[in-house]
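Reader: I would like to learn how to read a ligand site. Where do we start?

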Amino acid sequence: MAPAGGKQARVYRFNEYGGPEKLQLKEEEVPYPSAGHVRVRVEAMSLNNADSLFLANQYLEPPALPSKIGYEIAGTVDAIGEGVKQFSVGDRVSAIPAFSVAEYANFAELTVLPERALMHTPRNLDKIQAASFTFAYFTNYYGLFDLGQLKPFQTVLITAASSTTGLAAISMVRAAGSTVIATSRSSAKADALKKAGANYVIATAEEDLVERVHAITGGKGVDIAYDCIAGPMSEAIVNCVRQFGHWVVYGAMDSSPVPFPVLQLMVKTVKLDTFMVFDFTGHPGLNIPANDQALARAMEYVSRGIESGALPIVVDKVFEGLEGLPDALRRQQKGTGTGKIVVEL
Ligand SMILES: NC(=O)c1ccc[n+]([C@@H]2O[C@H](COP(=O)([O-])OP(=O)(O)OC[C@H]3O[C@@H](n4cnc5c(N)ncnc54)[C@H](OP(=O)(O)O)[C@@H]3O)[C@@H](O)[C@H]2O)c1
(Lines give C-alpha, C1' and ligand atoms only; values in the text may rest on other atoms or scores of the structure.)
Protein backbone atom coordinates (compact mmCIF):
# COMPACT_ATOMS: atom_id res chain seq x y z
CA MET A 1 0.00 0.00 0.00
CA ALA A 2 1.51 3.33 -1.05
CA PRO A 3 1.98 5.98 1.65
CA ALA A 4 -0.35 8.90 1.04
CA GLY A 5 1.79 11.60 2.62
CA GLY A 6 4.34 13.97 1.24
CA LYS A 7 7.98 14.28 2.22
CA GLN A 8 9.89 17.30 3.47
CA ALA A 9 12.60 18.51 1.06
CA ARG A 10 14.51 21.69 0.24
CA VAL A 11 13.04 23.40 -2.82
CA TYR A 12 14.16 26.52 -4.76
CA ARG A 13 11.52 29.22 -5.24
CA PHE A 14 11.54 32.90 -6.21
CA ASN A 15 9.04 35.53 -5.16
CA GLU A 16 10.25 38.33 -7.46
CA TYR A 17 11.52 38.26 -11.04
CA GLY A 18 15.21 38.96 -11.59
CA GLY A 19 18.60 37.27 -11.32
CA PRO A 20 20.18 34.54 -9.16
CA GLU A 21 19.92 36.76 -6.05
CA LYS A 22 16.14 36.23 -6.09
CA LEU A 23 16.41 32.49 -5.46
CA GLN A 24 15.36 31.19 -2.04
CA LEU A 25 15.99 27.67 -0.75
CA LYS A 26 13.34 26.56 1.70
CA GLU A 27 12.03 23.35 3.20
CA GLU A 28 8.51 22.38 2.12
CA GLU A 29 6.37 19.31 1.66
CA VAL A 30 6.68 17.60 -1.73
CA PRO A 31 3.47 15.61 -2.22
CA TYR A 32 3.13 11.92 -2.93
CA PRO A 33 2.74 11.65 -6.74
CA SER A 34 -0.81 11.65 -8.08
CA ALA A 35 -1.95 9.27 -10.85
CA GLY A 36 0.45 9.19 -13.80
CA HIS A 37 3.16 11.05 -11.87
CA VAL A 38 6.56 10.10 -10.50
CA ARG A 39 8.44 11.56 -7.54
CA VAL A 40 12.18 11.77 -8.12
CA ARG A 41 14.99 12.18 -5.60
CA VAL A 42 17.19 14.66 -7.48
CA GLU A 43 20.90 13.83 -7.66
CA ALA A 44 22.08 16.44 -10.18
CA MET A 45 20.63 19.38 -12.07
CA SER A 46 22.01 21.25 -15.06
CA LEU A 47 21.33 24.73 -16.39
CA ASN A 48 19.74 25.86 -19.61
CA ASN A 49 19.41 29.41 -20.86
CA ALA A 50 15.66 28.94 -20.33
CA ASP A 51 16.16 28.86 -16.53
CA SER A 52 17.58 32.40 -16.50
CA LEU A 53 14.84 33.59 -18.87
CA PHE A 54 12.13 32.04 -16.67
CA LEU A 55 13.56 33.62 -13.51
CA ALA A 56 13.51 37.02 -15.24
CA ASN A 57 9.96 36.44 -16.56
CA GLN A 58 11.21 36.57 -20.15
CA TYR A 59 10.32 32.99 -21.05
CA LEU A 60 7.45 31.28 -22.91
CA GLU A 61 5.46 30.84 -19.71
CA PRO A 62 4.99 33.40 -16.94
CA PRO A 63 6.06 32.11 -13.50
CA ALA A 64 3.28 32.08 -10.86
CA LEU A 65 4.94 33.62 -7.79
CA PRO A 66 6.25 32.23 -5.51
CA SER A 67 7.46 30.04 -8.36
CA LYS A 68 9.68 26.99 -8.46
CA ILE A 69 12.40 26.87 -11.12
CA GLY A 70 14.40 24.39 -13.17
CA TYR A 71 14.09 22.08 -16.13
CA GLU A 72 16.87 19.54 -16.41
CA ILE A 73 17.54 17.02 -13.62
CA ALA A 74 18.45 13.40 -13.02
CA GLY A 75 17.93 11.18 -10.01
CA THR A 76 16.21 8.05 -8.75
CA VAL A 77 12.52 7.28 -8.56
CA ASP A 78 11.33 7.78 -4.99
CA ALA A 79 7.61 7.02 -5.42
CA ILE A 80 5.15 6.35 -8.25
CA GLY A 81 1.52 7.38 -8.63
CA GLU A 82 -1.34 5.14 -9.70
CA GLY A 83 -1.13 3.83 -13.25
CA VAL A 84 2.59 4.57 -13.79
CA LYS A 85 3.84 1.76 -16.01
CA GLN A 86 7.35 2.57 -17.15
CA PHE A 87 9.10 3.25 -13.85
CA SER A 88 9.61 1.54 -10.49
CA VAL A 89 11.01 2.87 -7.23
CA GLY A 90 14.82 2.98 -7.44
CA ASP A 91 15.03 3.43 -11.25
CA ARG A 92 17.55 6.01 -12.50
CA VAL A 93 15.75 8.68 -14.53
CA SER A 94 16.47 11.89 -16.47
CA ALA A 95 13.88 14.62 -17.12
CA ILE A 96 13.03 15.27 -20.79
CA PRO A 97 11.58 18.49 -22.26
CA ALA A 98 7.93 17.45 -22.29
CA PHE A 99 6.42 19.43 -19.41
CA SER A 100 5.48 22.93 -18.38
CA VAL A 101 8.13 24.55 -16.18
CA ALA A 102 5.48 26.86 -14.71
CA GLU A 103 3.60 23.80 -13.47
CA TYR A 104 6.45 21.37 -12.71
CA ALA A 105 9.87 22.76 -11.87
CA ASN A 106 12.69 20.63 -10.64
CA PHE A 107 15.49 22.42 -8.80
CA ALA A 108 14.96 20.78 -5.40
CA GLU A 109 15.88 17.67 -3.42
CA LEU A 110 12.61 16.03 -4.48
CA THR A 111 10.45 16.78 -7.50
CA VAL A 112 7.30 15.37 -9.08
CA LEU A 113 6.92 15.02 -12.87
CA PRO A 114 4.44 13.42 -15.24
CA GLU A 115 5.57 9.93 -16.33
CA ARG A 116 5.99 11.06 -19.96
CA ALA A 117 8.47 13.77 -18.92
CA LEU A 118 11.04 11.18 -17.79
CA MET A 119 13.24 8.60 -19.46
CA HIS A 120 15.40 5.82 -18.12
CA THR A 121 18.96 7.15 -17.79
CA PRO A 122 21.35 5.39 -20.19
CA ARG A 123 23.40 2.92 -18.15
CA ASN A 124 26.80 4.33 -19.10
CA LEU A 125 26.17 7.76 -17.53
CA ASP A 126 27.13 9.01 -14.09
CA LYS A 127 24.76 11.37 -12.28
CA ILE A 128 26.39 14.54 -13.66
CA GLN A 129 26.08 13.35 -17.26
CA ALA A 130 22.60 11.95 -16.55
CA ALA A 131 21.38 15.50 -15.86
CA SER A 132 23.14 17.02 -18.88
CA PHE A 133 21.98 15.55 -22.17
CA THR A 134 18.24 15.46 -22.73
CA PHE A 135 17.29 19.07 -23.41
CA ALA A 136 19.96 19.76 -26.02
CA TYR A 137 19.77 16.43 -27.80
CA PHE A 138 15.96 16.27 -27.94
CA THR A 139 15.74 19.85 -29.23
CA ASN A 140 18.35 19.24 -31.92
CA TYR A 141 16.79 15.96 -33.01
CA TYR A 142 13.66 17.79 -34.15
CA GLY A 143 15.49 20.88 -35.41
CA LEU A 144 18.15 19.12 -37.44
CA PHE A 145 16.31 16.02 -38.69
CA ASP A 146 12.58 16.83 -38.76
CA LEU A 147 12.94 20.45 -39.89
CA GLY A 148 16.46 20.79 -41.34
CA GLN A 149 16.23 17.41 -43.11
CA LEU A 150 19.90 16.77 -42.27
CA LYS A 151 21.58 14.13 -44.44
CA PRO A 152 25.18 12.86 -44.79
CA PHE A 153 27.70 14.96 -46.75
CA GLN A 154 25.97 18.26 -46.01
CA THR A 155 27.40 21.39 -44.40
CA VAL A 156 25.71 22.95 -41.38
CA LEU A 157 26.37 26.40 -39.91
CA ILE A 158 25.81 26.26 -36.13
CA THR A 159 25.60 29.67 -34.49
CA ALA A 160 26.49 30.21 -30.79
CA ALA A 161 28.01 26.76 -31.09
CA SER A 162 29.51 26.90 -27.60
CA SER A 163 26.00 26.94 -26.12
CA THR A 164 25.00 23.61 -24.63
CA THR A 165 22.52 23.13 -27.47
CA GLY A 166 25.14 24.12 -30.05
CA LEU A 167 27.73 21.68 -28.70
CA ALA A 168 25.23 18.82 -28.90
CA ALA A 169 24.36 19.92 -32.46
CA ILE A 170 28.04 19.69 -33.45
CA SER A 171 28.16 16.04 -32.35
CA MET A 172 24.88 15.21 -34.09
CA VAL A 173 25.93 16.75 -37.41
CA ARG A 174 29.30 14.98 -37.29
CA ALA A 175 27.65 11.68 -36.32
CA ALA A 176 25.35 12.09 -39.34
CA GLY A 177 28.42 12.33 -41.60
CA SER A 178 28.25 16.05 -42.31
CA THR A 179 30.51 19.06 -41.88
CA VAL A 180 30.17 21.72 -39.15
CA ILE A 181 30.97 25.40 -39.44
CA ALA A 182 30.66 26.73 -35.88
CA THR A 183 30.37 30.36 -34.81
CA SER A 184 31.29 32.07 -31.57
CA ARG A 185 31.50 35.82 -31.01
CA SER A 186 35.24 35.72 -30.28
CA SER A 187 38.06 33.30 -31.08
CA ALA A 188 38.55 32.48 -27.38
CA LYS A 189 36.43 29.32 -27.65
CA ALA A 190 37.82 28.18 -31.04
CA ASP A 191 39.95 25.37 -29.60
CA ALA A 192 37.09 24.06 -27.46
CA LEU A 193 34.77 24.08 -30.48
CA LYS A 194 37.30 22.21 -32.61
CA LYS A 195 37.78 19.69 -29.79
CA ALA A 196 33.99 19.25 -29.75
CA GLY A 197 34.12 18.31 -33.44
CA ALA A 198 33.66 21.55 -35.40
CA ASN A 199 35.47 21.37 -38.76
CA TYR A 200 35.68 25.17 -39.00
CA VAL A 201 35.20 27.95 -36.46
CA ILE A 202 34.28 31.54 -37.32
CA ALA A 203 34.61 34.32 -34.73
CA THR A 204 31.77 36.61 -35.78
CA ALA A 205 33.14 39.72 -34.04
CA GLU A 206 36.53 39.30 -35.71
CA GLU A 207 35.79 37.92 -39.20
CA ASP A 208 33.31 38.41 -42.04
CA LEU A 209 30.84 35.53 -41.56
CA VAL A 210 29.44 35.45 -45.10
CA GLU A 211 32.85 35.73 -46.77
CA ARG A 212 34.31 32.89 -44.68
CA VAL A 213 31.31 30.59 -45.20
CA HIS A 214 31.47 31.12 -48.96
CA ALA A 215 35.23 30.52 -48.96
CA ILE A 216 34.73 27.25 -47.04
CA THR A 217 31.81 26.02 -49.19
CA GLY A 218 33.29 27.03 -52.54
CA GLY A 219 30.70 29.77 -52.97
CA LYS A 220 27.74 27.41 -52.61
CA GLY A 221 26.64 28.22 -49.05
CA VAL A 222 25.57 25.84 -46.27
CA ASP A 223 22.70 23.38 -46.49
CA ILE A 224 21.36 24.31 -43.06
CA ALA A 225 21.93 27.31 -40.80
CA TYR A 226 21.02 26.06 -37.31
CA ASP A 227 20.60 29.29 -35.46
CA CYS A 228 19.83 30.41 -31.91
CA ILE A 229 20.99 34.03 -32.27
CA ALA A 230 18.77 35.67 -34.96
CA GLY A 231 18.74 39.47 -34.32
CA PRO A 232 20.92 41.75 -36.45
CA MET A 233 22.92 38.74 -37.72
CA SER A 234 19.83 37.35 -39.49
CA GLU A 235 20.56 38.85 -42.90
CA ALA A 236 24.17 37.57 -42.86
CA ILE A 237 23.00 34.12 -41.76
CA VAL A 238 20.55 33.89 -44.66
CA ASN A 239 23.33 34.98 -47.00
CA CYS A 240 25.35 31.96 -45.79
CA VAL A 241 22.62 29.48 -46.84
CA ARG A 242 22.60 27.82 -50.27
CA GLN A 243 19.70 27.96 -52.70
CA PHE A 244 16.82 25.75 -51.45
CA GLY A 245 18.63 25.41 -48.09
CA HIS A 246 17.16 25.73 -44.58
CA TRP A 247 17.40 28.42 -41.91
CA VAL A 248 16.23 26.73 -38.71
CA VAL A 249 15.82 29.23 -35.86
CA TYR A 250 15.38 27.84 -32.35
CA GLY A 251 16.43 30.78 -30.16
CA ALA A 252 16.87 34.53 -30.09
CA MET A 253 20.01 35.12 -28.00
CA ASP A 254 20.07 38.56 -29.64
CA SER A 255 16.52 39.82 -29.39
CA SER A 256 17.11 43.30 -30.87
CA PRO A 257 14.45 44.12 -33.44
CA VAL A 258 15.66 43.81 -37.05
CA PRO A 259 14.18 44.02 -40.55
CA PHE A 260 13.04 40.58 -41.70
CA PRO A 261 15.33 39.43 -44.59
CA VAL A 262 12.41 38.49 -46.83
CA LEU A 263 14.10 39.33 -50.13
CA GLN A 264 17.19 37.22 -49.41
CA LEU A 265 14.98 34.29 -48.35
CA MET A 266 12.82 34.64 -51.46
CA VAL A 267 15.60 35.03 -54.00
CA LYS A 268 17.32 31.81 -52.87
CA THR A 269 14.11 30.01 -51.85
CA VAL A 270 15.56 29.44 -48.39
CA LYS A 271 13.07 27.69 -46.11
CA LEU A 272 12.70 29.32 -42.70
CA ASP A 273 11.55 27.22 -39.76
CA THR A 274 11.23 28.45 -36.21
CA PHE A 275 10.40 25.95 -33.51
CA MET A 276 10.26 25.01 -29.85
CA VAL A 277 11.02 21.47 -28.71
CA PHE A 278 7.50 21.45 -27.26
CA ASP A 279 6.04 21.69 -30.78
CA PHE A 280 7.09 18.05 -31.03
CA THR A 281 6.91 16.70 -27.48
CA GLY A 282 3.73 18.58 -26.51
CA HIS A 283 2.89 21.25 -23.95
CA PRO A 284 -0.65 21.53 -22.50
CA GLY A 285 0.03 25.02 -21.06
CA LEU A 286 0.83 26.31 -24.57
CA ASN A 287 -2.05 24.35 -26.16
CA ILE A 288 0.35 22.02 -27.99
CA PRO A 289 -0.94 18.46 -28.04
CA ALA A 290 1.34 15.65 -26.83
CA ASN A 291 2.94 13.60 -29.60
CA ASP A 292 4.05 10.29 -28.08
CA GLN A 293 5.40 9.03 -31.40
CA ALA A 294 7.73 12.03 -31.82
CA LEU A 295 8.83 11.62 -28.21
CA ALA A 296 9.61 7.91 -28.71
CA ARG A 297 11.58 8.60 -31.93
CA ALA A 298 13.79 11.19 -30.25
CA MET A 299 14.23 9.04 -27.15
CA GLU A 300 15.41 6.10 -29.20
CA TYR A 301 17.85 8.21 -31.23
CA VAL A 302 19.25 9.92 -28.13
CA SER A 303 19.53 6.73 -26.02
CA ARG A 304 21.30 4.89 -28.83
CA GLY A 305 23.68 7.78 -29.49
CA ILE A 306 24.53 8.21 -25.81
CA GLU A 307 25.05 4.48 -25.22
CA SER A 308 27.27 4.10 -28.30
CA GLY A 309 29.32 7.17 -27.41
CA ALA A 310 28.42 8.90 -30.71
CA LEU A 311 26.69 11.68 -28.75
CA PRO A 312 29.08 12.92 -26.04
CA ILE A 313 28.27 15.19 -23.11
CA VAL A 314 30.51 18.19 -22.54
CA VAL A 315 30.54 19.42 -18.94
CA ASP A 316 31.91 22.89 -18.20
CA LYS A 317 31.79 23.00 -14.38
CA VAL A 318 30.19 21.14 -11.49
CA PHE A 319 29.01 23.05 -8.38
CA GLU A 320 28.81 20.97 -5.19
CA GLY A 321 25.58 21.00 -3.17
CA LEU A 322 22.12 22.45 -3.76
CA GLU A 323 23.33 25.80 -2.36
CA GLY A 324 25.57 26.16 -5.44
CA LEU A 325 22.69 27.01 -7.79
CA PRO A 326 22.92 30.87 -7.63
CA ASP A 327 26.68 30.76 -8.43
CA ALA A 328 26.05 28.24 -11.19
CA LEU A 329 23.47 30.60 -12.73
CA ARG A 330 25.91 33.52 -12.48
CA ARG A 331 28.52 31.51 -14.39
CA GLN A 332 25.96 30.66 -17.05
CA GLN A 333 24.95 34.29 -17.44
CA LYS A 334 28.60 35.32 -17.91
CA GLY A 335 28.80 32.87 -20.82
CA THR A 336 32.53 32.30 -20.41
CA GLY A 337 32.42 28.51 -20.29
CA THR A 338 31.86 25.81 -22.88
CA GLY A 339 29.52 22.99 -21.91
CA LYS A 340 27.00 22.07 -19.26
CA ILE A 341 26.99 23.80 -15.89
CA VAL A 342 25.84 21.26 -13.33
CA VAL A 343 24.86 21.34 -9.66
CA GLU A 344 25.52 18.04 -7.89
CA LEU A 345 23.47 17.20 -4.80
N1 LIG B 1 13.52 26.21 -29.31
C2 LIG B 1 13.77 25.41 -28.29
O3 LIG B 1 13.00 24.50 -27.97
C4 LIG B 1 15.02 25.62 -27.51
C5 LIG B 1 15.56 24.58 -26.74
C6 LIG B 1 16.79 24.81 -26.09
C7 LIG B 1 17.40 26.05 -26.18
N8 LIG B 1 16.79 27.03 -26.91
C9 LIG B 1 17.44 28.36 -27.07
O10 LIG B 1 18.75 28.15 -27.53
C11 LIG B 1 19.57 29.22 -27.09
C12 LIG B 1 20.80 28.63 -26.42
O13 LIG B 1 20.41 28.00 -25.20
P14 LIG B 1 21.47 27.21 -24.31
O15 LIG B 1 20.79 26.85 -23.03
O16 LIG B 1 22.07 26.13 -25.13
O17 LIG B 1 22.53 28.40 -24.09
P18 LIG B 1 23.82 28.52 -23.20
O19 LIG B 1 24.39 27.16 -22.98
O20 LIG B 1 23.52 29.38 -22.05
O21 LIG B 1 24.85 29.27 -24.21
C22 LIG B 1 24.90 30.60 -24.47
C23 LIG B 1 26.00 30.93 -25.50
O24 LIG B 1 25.42 31.72 -26.53
C25 LIG B 1 26.30 32.74 -26.94
N26 LIG B 1 25.64 34.06 -26.78
C27 LIG B 1 25.15 34.60 -25.65
N28 LIG B 1 24.59 35.81 -25.90
C29 LIG B 1 24.73 36.03 -27.23
C30 LIG B 1 24.38 37.09 -28.09
N31 LIG B 1 23.75 38.19 -27.64
N32 LIG B 1 24.68 36.99 -29.39
C33 LIG B 1 25.33 35.91 -29.85
N34 LIG B 1 25.69 34.85 -29.08
C35 LIG B 1 25.39 34.92 -27.79
C36 LIG B 1 27.57 32.65 -26.09
O37 LIG B 1 28.54 31.99 -26.89
P38 LIG B 1 29.85 32.76 -27.43
O39 LIG B 1 30.42 33.48 -26.25
O40 LIG B 1 30.70 31.61 -27.89
O41 LIG B 1 29.45 33.65 -28.53
C42 LIG B 1 27.11 31.80 -24.92
O43 LIG B 1 28.14 31.01 -24.39
C44 LIG B 1 18.70 30.09 -26.19
O45 LIG B 1 18.18 31.15 -26.96
C46 LIG B 1 17.59 29.13 -25.78
O47 LIG B 1 16.43 29.81 -25.40
C48 LIG B 1 15.65 26.83 -27.57
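**Domains and ligand**

Author: Start with the domains. Domain 1 puts 29 residues in contact with 17 residues of domain 2. Keep in mind that this is a predicted model.

Reader: Which segments make up domain 1 and domain 2?

Author: The domain assignment gives 7-133 + 281-344 as domain 1 and 135-275 as domain 2. Their centres, taken over C-alpha atoms, are 27 Å apart.

Reader: Where does the ligand lie relative to domain 1 and domain 2?

Author: Look at who supplies the shell. Domain 1 and domain 2 both give residues to the shell around the ligand, so the ligand lies between them. The ligand also sits in the largest pocket.

Reader: How many residues surround the ligand, and which are the closest?

Author: The ligand is surrounded by 22 residues. Asn49, Thr165, Ser184, Tyr250 and Val277 are the closest. Next, sort the shell by class: 11 residues are polar, 9 nonpolar and 2 charged.

Reader: How much of the ligand's accessible area does the protein cover?

Author: On its own, the ligand has 940 Å² of accessible area; the protein covers 84% of that.

How values were computed
Residues are numbered from 1 along each chain as its sequence is written. This is a predicted model: local features need pLDDT of at least 70, side-chain atom pairs count only at pLDDT 80 or more; totals for chains, interfaces and linings use all residues. Side-chain values use heavy atoms; hydrogens and water are left out. A residue is near a molecule or strand if one of its heavy atoms lies within 4 Å of it. Accessible areas come from the Shrake-Rupley method with a 1.4 Å probe; for residues, only the protein chains shown count as cover. On a 1 Å grid over the protein atoms alone, a cavity is a set of points where a 1.4 Å probe fits but cannot get out, and a pocket is an open set with protein on both sides within 12 Å along at least five of seven lines; lining residues have an atom within 4 Å of a point. A molecule sits in a cavity or pocket if more than half of its atoms lie within 2 Å of its grid points. Ala, Val, Leu, Ile, Met, Phe, Trp, Tyr, Cys and Pro count as nonpolar, Asp, Glu, Lys and Arg as charged, and the others, Gly among them, as polar. Domain bounds come from an automatic or database domain assignment. Contact means heavy atoms within 4.5 Å.
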